[in-house]
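Here is a note to read with the model open beside you. Take the points in order and find each residue as it comes up.

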Amino acid sequence: MNHSQVTEFVLLGLSSSKELQPLLFLVFSLLYLAILLGNFLIILTMTSDSCLHTPMYFLLANISFIDVCVASFATPKMIANLLVERKTISFEACLTQIFCVHLFPGSEMVILVSMAFDRYVAICKPLHYMTIMSRRVCIILVLVPWSVGFVHTTSQLAFTVNLPFCGPNQVDSFFCDLPLVTKLACIDTYMISLLIVADSGFLTLSSFLLLVVSYTMILITVRSRSSASMAKARSTLTAHITVVTLFFGPCIFIYVWPFSGYSVDKVLAVFYTIFTPILNPVIYTLRNKEMKAAMVKLKSRYLKPGQVSAVIRNALFLETK
């Protein structure tokens with residue numbers, strides 16, 4: 001082909017308004033900081049409190065780690081681009097973002113199924129819970145999602161890596177998403193787009209159906225019992241189902257709309273990569289008494305009364321000295 005190879009893409013970002021970009025920079029910087037603090041606080045709380053060394057919290061800590069990864073593959077680049085005139089990304093970095101956007105969410109889909117399995121065993125087979133959910137099983141329930149996510153993202157990236165890009169290079173989003181990038185290729189990508197949607201759709205639909213079946217069985221079991229432990233189970237289930245709904249909702253829209261001829265909705269993309277990683281720790285902590293109690297103990301251990309003020313006084317004394 002008598003065309004030059006594209007070496008970089010231009011990300012159009014969230015807004016072209018120069019007046020709005022400083023405000024967006026401040027807002028998304030604070031949101032990203034909240035994602036890091038919130039999810040790392042959950043991980044620190046679970047690792048430091050022996051009472052939370054259970055399969056459910058082990059899986060929850062892994063979800064918090066994945067949420068940090070989901071927010072970090074695109075958000076720092078988006079925040080940096082709000083301060084520059086030309087928002088470019090190299091071809092290799094674009095492929096890296098495509099790899100990450102399918103690895104981390106793909107892994108999270110399957111690990112949500114692992115959490116549903118854990119709750120099914122805990123509620124429907126409580127007497128066999130510790131036998132079934134052994135340490136080996138917990139490790140498998142974490143390794144399988146990462147393996148599925150890796151296979152999924154590798155298959156998706158295979159559709160893109162050898163495509164010829166020789167003309168348009170503007171991506172109408174704040175990160176490189178596969179459906180948008182394939183449309184910029186110099187060949188007809190209808191069949192490739194079909195395969196991309198089918199691949200992502202299969203993983204999403206199969207994970208969602210497994211979750212629906214699992215939680216339906218759990219809810220039937222909970223409904224037939226009326227003890228205090230079942231009240232706690234209902235509260236936990238509400239948090240889990242809320243997270244599943246928030247996670248799968250934007251995912252379904254993002255991968256159905258491009259196939260229907262529409263561009264990716266930037267609002268949904270922001271919700272998917274930023275707001276969901278913020279909401280997950282909020283949902284899991286505010287509805288979980290054990291987590292709140294563990295955080296209180298963590299605070300009393302590392303932030304004892306008068307300790308913060310003493311540190312501040314020492315810092316001021318050193319400055320005056």
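**Notes on the predicted model**

1. Start with a salt bridge, D49 to K297, whose closest N and O atoms are 3.2 Å apart. A salt bridge here is a side-chain nitrogen of Lys or Arg within 4 Å of a carboxyl oxygen of Asp or Glu. The pair links distant parts of the chain, 248 residues apart: D49 is in the loop between α1 (21-48) and α2, and K297 is in helix α11 (residues 289-302). Helices (H or I, at least four residues) and strands (E, at least two) are DSSP runs, numbered from the N terminus.

2. Before going on, know the ground rules. This is a predicted model, so local features need pLDDT of at least 70 and side-chain atom pairs count only at pLDDT 80 or more, while totals for chains, interfaces and linings use all residues. Residues are numbered from 1 along each chain as its sequence is written, and side-chain values use heavy atoms, with hydrogens and water left out.

3. K297 counts as partly exposed, at 41%. The cut-offs are these: buried means under 20% relative accessible area, exposed over 50%, and partly exposed in between (1.4 Å probe, protein chains only).

4. How many salt bridges does a search of the whole structure find? It finds four. One of them joins E8 and R86, with the closest N and O atoms 3.4 Å apart. This pair also links distant parts of the chain: E8 sits in strand β1 (residues 8-11), R86 in the loop between α3 (75-81) and β2 (88-90), and 78 residues separate them. E8 is partly exposed at 29%. R86 is exposed at 54%.

5. Another salt bridge pairs D118 with R119, the closest N and O atoms being 2.8 Å apart. D118 is buried, at 1% relative accessibility. R119 is buried too, with a relative accessible area of 12%.

6. Now the disulfides. A disulfide is a covalent bond between the sulfur atoms of two cysteines. The rule used here asks for a pair of cysteine sulfur atoms within 2.5 Å. The structure holds two. C94 is joined to C176, S to S 2.1 Å. C94 lies in helix α4 (residues 91-124) and C176 in the loop between β3 (170-171) and α7 (178-182); these are distant parts of the chain, 82 residues apart. Both C94 and C176 are buried. The torsion about their S-S bond is about -120°, so this disulfide is left-handed.

7. A disulfide also joins C166 to C186, S to S 1.8 Å. C166 is in the loop between α6 (135-158) and β3, C186 is in the loop between α7 and α8 (190-223), and the two are 20 residues apart. C166 counts as buried at 17%, whereas C186 counts as partly exposed at 27%. With the bonded cysteines numbered in sequence order, the pairing is 1-3, 2-4.

8. Next, aromatic rings. Rings of Phe, Tyr and Trp (its six-membered ring) pair if their centres lie within 6.5 Å; planes under 30 degrees apart count as stacked, over 60 as edge-to-face and the rest as tilted. The count by this rule is nine aromatic pairs. Take F65 and W146: their ring centres are 6.3 Å apart and their planes are at 55°, so the pair is tilted. F65 lies in helix α2 (residues 55-72) and W146 in helix α6, so the pair ties together parts that are 81 residues apart in sequence. F65 is partly exposed at 40%, and W146 is partly exposed at 23%. Elsewhere, F9, F91 and F165 form one aromatic cluster.

9. Last, the record. UniProt, in an unreviewed entry, lists several stretches as "transmembrane region", including residues 137-159 and 190-216. UniProt positions are given in the numbering used here, feature names are shortened, and annotations may be inferred rather than shown by experiment. In the model, residues 137-159 are 96% helix and 0% strand, with end C-alpha atoms 34 Å apart. Residues 190-216 are 100% helix and 0% strand, and their end C-alpha atoms lie 37 Å apart.
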